[in-house]
Amino acid sequence: MEILFNKEGTPLAMTSRFMFGESTGRPENYERKKKQILSPYSLEKVRTLHFRELEVMAWGRNNKFPETAIETISSTSVLNTGLKFLRALTVGQGVMACRVRGVKDNGDEVLEAVDDPQVRRFVGGRMVRRYLEKASRDYFKVGSAAVEMMVNAAGDIVGLNPLNALFYRYTLPDAYGACKCVVSGDWPNVPGRRDRDPKVLDVLMDYDPGLHVEWMRARGRLRRSFVFPVRDSWSNNDYYGEPVWLPAYILGWVEVAHMVPKFLQKAYKNQITWKWHVQIPYSFWDRKFPPQDFETPKLRTAAIQKYMDEVEENLCGLQNAEKPLFTHYNVNEANGKIEEEWKITALDNKYKGGENLVTSAAANSEILFALMVNPNVFGAGMPGGTYAGNQGGSNIREAFLVNLANAYIDRQNLLDPVNLYLEANGVRDVELRFRNTILTTLDTGAGTQKTLS
């Protein structure tokens with residue numbers, strides 16, 4: 001307890017350290033504004049070891065879109081979880097190599113697993129799993145991914161190395177439409193120091209990557225690694241794709257999702273919903289702690305401080321809930337009036353924190369809608385609210401199946417580098433399919449079933 005004393009050591013005002021309160025002021029940046037973290041692209045010149053200047057297309061404002069996006073995602077729980085759900089759904093339970101042997105009357109393919117042990121080890125091994133995990137991460141987080149196709153001295157493609165979106169940028173295309181990928185740990189700052197020169201790699205053309213590889217092989221240029229870009233073309237951007245969650249950010253729903261917990265945090269920590277009002281007459285202190293009984297005012301204030309701390313401990317705290325407080329008062333014999341009486345009044349707490357949770361639920365739902373994820377998959381349905389009619393096990397199963405159907409184009413984009421690797425190593429007439437676990441109803445005799453897609 002904090003006590004304000006006068007020069008004689010008599011308490012004038014007190015503040016309890018157990019005070020529970022709220023902040024009634026608006027949080028910082030309350031007025032929501034439309035924010036663009038992807039601005040028109042600008043050019044930056046990068047000097048390589050050979051002092052050849054390259055014009056690099058900046059990725060967002062100040063060339064910091066990946067950094068800004070990743071920081072935004074990591075600080076927004078529903079956005080982080082939703083994107084991780086999309087990645088897990090897209091990658092499924094891994095890849096299987098197979099051949100199509102026919103089509104059933106209902107349109108289902110008749111698939112036969114490839115029995116080549118080298119192919120099976122490759123598609124089920126760590127290289128492909130690592131590539132899918134890291135490339136799909138950047139694909140959903142920032143809308144663009146890139147994989148370094150590693151080449152040996154003989155010109156054979158021997159590895160898939162996904163590049164971290166934080167560490168690469170693309171250059172403008174030359175007169176032939178070819179561009180480079182500049183890989184450096186210095187981004188978003190312009191790299192080019194002599195002791196830490198960036199790595200500059202060729203980038204495959206989007207129209208026909210396989211034809212581009214054959215052209216490089218024929219020209220004798222397939223002697224070093226090159227980059228296969230993987231991007232979502234929905235944004236019409238030929239350099240860097242835009243992530244699916246960007247509209248929710250621009251419209252302010254991500255900011256709203258940030259504001260509500262900050263507001264509640266301040267409300268529970270900082271301000272003025274007082275629980276008790278305790279009134280103590282000045283005459284009480286002269287009787288309880290007579291000044292003449294203490295050598296100095298400092299000793300008197302210490303005694304009063306200790307006394308009030310004990311009172312506070314008895315009155316406040318979870319362990320003292322419903323515990324009574326005993327006080328004494330004096331009656332003046334001359335006039336019969338009560339003197340030195342403590343008055344303790346419970347104050348009404350008018351704070352209604354639940355109202356903010358509705359806003360938080362709406363922001364979470366809007367973010368998930370931007371990701372095309374049914375909020376009920378995460379238990380985010382709002383009972384009695386706008387989206388309450390979407391709840392139920394059947395709806396969750398149907399939403400999951402719709403997500404799987406919509407994942408086709410994303411899956412094929414991610415599989416293109418794997419297919420190129422296989423074809424470059426002589427493995428042809430092979431289809432890659434993702435394993436899926438499908439939710440079923442109990443009347444089918446099982447809760448799940450395995451499928452390929």
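Trainee: Where in the chain is the place of Met-372?
Mentor: In this predicted model, local features need a pLDDT of at least 70, side-chain atom pairs count only at pLDDT 80 or more, and totals for chains, interfaces and linings use all residues. Residues are numbered from 1 along each chain as its sequence is written, while side-chain values use heavy atoms, with hydrogens and water left out. Helices (H or I, at least four residues) and strands (E, at least two) are DSSP runs numbered from the N terminus. Met-372 is found in the loop between helix H10 (354-370) and helix H11 (393-406).

Trainee: Does Met-372 count as buried or exposed?
Mentor: Buried means under 20% relative accessible area, exposed over 50%, and partly exposed in between, with a 1.4 Å probe and protein chains only. Because its relative accessibility is 55%, Met-372 counts as exposed.

Trainee: What is the phi of Met-372?
Mentor: Most residues other than glycine have a negative phi. Met-372 is not a glycine either, and yet its phi is positive, at about 60°.

Trainee: Where is Asn-63 found, and is Asn-63 buried or exposed?
Mentor: Asn-63, too, is a residue other than glycine with a positive phi, near 60°. Asn-63 sits in the loop between E4 and H1. Since its relative accessible area is 1%, Asn-63 is buried.

Trainee: Which residues does a cis peptide bond join?
Mentor: Most peptide bonds are trans. Here, in the loop between strand E10 (180-183) and strand E11 (199-203), we find Pro-188. With omega at about 10°, a cis bond joins this proline to its partner, the two residues being Trp-187 and Pro-188.

Trainee: How many aromatic pairs are there?
Mentor: Rings of Phe, Tyr and Trp (its six-membered ring) pair if their centres lie within 6.5 Å; planes under 30 degrees apart count as stacked, over 60 as edge-to-face and the rest as tilted. Under this rule, the number of aromatic pairs is 13.

Trainee: Why is the pair of Trp-59 and Tyr-168 given its name, and what is that name?
Mentor: The ring centres of Trp-59 and Tyr-168 are 5.8 Å apart and the planes stand at 45°, so the pair is tilted. It links distant parts of the chain, 109 residues apart, with Trp-59 in the loop between strand E4 (53-57) and helix H1 (65-74) and Tyr-168 in strand E9 (residues 168-170). Trp-59 is buried because its relative accessibility is 0%, and Tyr-168 is buried at 0% as well. To return to the name, the planes at 45° make the pair tilted.

Trainee: What is the angle between the planes of Phe-289 and Tyr-307?
Mentor: Phe-289 is buried, with a relative accessible area of 9%, whereas Tyr-307, at 22%, counts as partly exposed. Their centres are 5.6 Å apart in an edge-to-face pair, and the angle between the planes is 70°.

Trainee: At roughly what angle do the axes of helix H2 and helix H4 cross?
Mentor: Axes are lines fitted to C-alpha atoms, for helices over the stretch in contact, and angles run from 0 to 180 degrees between N-to-C directions. The axes of helix H2 (residues 77-91) and helix H4 (residues 126-142) come within 10 Å, and they cross at roughly 135°.

Trainee: How far apart in space are Ile-73 and Val-254?
Mentor: Ile-73 is found in helix H1, and because its relative accessibility is 0%, Ile-73 counts as buried. Ile-73 and Val-254 are 181 residues apart in sequence, but in space, C-alpha to C-alpha, the distance is 9.1 Å.
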